Amino acid sequence: MRNKANQFGPIVKWVGGKRQLLPALLTHVPKRISTYIEPFAGGAALFFGICNREREKKCAFDRAILCDQNEELIACYRAVRDDVDALIEALSVYRYDRDLFYEVRAQSTQGWVDVARGARFLFLNRTCFNGLWRVNSKGRFNVPFGRYTNPRIVDEAGLRRASEVLTRVDLRCGDFVGTLEGATPNDFVYFDPPYIPVSKTSNFTAYAKEGFGESDQVRLLDAMRVLSKKKVPFMLSNADTADTRALYREFTIRSVEASRAVNSDPTKRGPVREVIVLPRATLLRKRASVKQQAFDWERT
Ligand SMILES: C[S@@+](CC[C@H](N)C(=O)[O-])C[C@H]1O[C@@H](n2cnc3c(N)ncnc32)[C@H](O)[C@@H]1O
């Protein structure tokens, strides 16, 4: 994970991370946000992108809610926010070593404090294969050791920068639905759910032992309908497939290019198309005020 000097950025490598889509996503983020809500936070690339924008005085938010179902990830963010010095110290015992990796991977974190959980999490994230987080049916992390030349396990400056901006964040572990209660038209919600599988052989949705199935995608659609009715602005990103387009056909859909690194076959990594889904009202407002850019197109 390398973030540009002095820039806020993700502290974890994350499957489906949105760094490459940032410029396209940022065009749809309101300039003034009361509560920024990211119910599927993962590496929270857009949240950190918005923090950079805020520093450039191009937008502002009062507070944020970052949520994910991954308990270890949220414990890690809490450790970064609440005790970054202790976290950095706890990380100093880790080194890039295969035996140590498998020993640490086998540990249960039950009863551990956030700092210890966060350090273990960052170590595994930096040294496992492709930075994947995948668990077995018992919820145990099962990604193999990754081959790297001298991976950076502690990014002290990056952790300290993240700690600074996480102070305004309510960190929640759980299902996305809970984050939407009480959302108002002054807030902004960014959904980046697990992908609807592109093909039957590429169904990487197992971030958590429960997975994210068809019924979850429908629950999410229902939640978007409720937000639309309440005039809460939102944005969703997902893979550009016929299924995604069919699922979100009642909303505005824009297609953008992104590169994706997660595929066991390296020849299948590379540029793919993603969709950005927006409420219809936003489109109408934008149409009235802004000329469509040539590469943007919509399906109605
Ligand atoms: C595509 S990733 C998000 C990537 C993120 N935008 C980034 O920049 O790294 C989807 C995330 O949703 C989380 N997740 C899966 N099911 C969930 C649920 N029911 N509620 C909340 N989060 C969930 C996964 O743990 C995963 O971190």
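Me: Which exposed residues does the face of helix 8 turned away from its buried side carry?
Reply: Helices here are DSSP runs of H or I with at least four residues, and strands are runs of E with at least two, both numbered from the N terminus. A residue is called buried under 20% relative accessible area, exposed over 50% and partly exposed in between, with a 1.4 Å probe and protein chains only. On helix 8, the face turned away from the buried side carries Glu214, Ser215 and Lys229 as exposed residues. Please keep in mind that this is a predicted model, in which local features need pLDDT of at least 70 and side-chain atom pairs count only at pLDDT 80 or more, while totals for chains, interfaces and linings use all residues. Residues are numbered from 1 along each chain as its sequence is written, and side-chain values use heavy atoms, with hydrogens and water left out.

Me: Which residues of helix 8 are buried, and why do they line one face of the helix?
Reply: The buried residues are Asp216, Gln217, Leu220, Leu221, Ala223, Met224 and Leu227. Seen down the axis of helix 8, these buried residues fall within an arc of 160 degrees, taken from the directions from the axis to the C-beta atoms, so they line one face.

Me: How should I read a positive phi?
Reply: Most residues other than glycine have a negative phi. Alanine 44, although not a glycine, has a positive phi of about 55 degrees; it lies in the loop between strand 1 (32-38) and helix 2 (45-55), and it is buried, with a relative accessible area of 1%. Asparagine 130 also has a positive phi of about 55 degrees, in the loop between helix 6 (114-127) and helix 7 (156-166), but this residue is partly exposed, at 33% relative accessible area.
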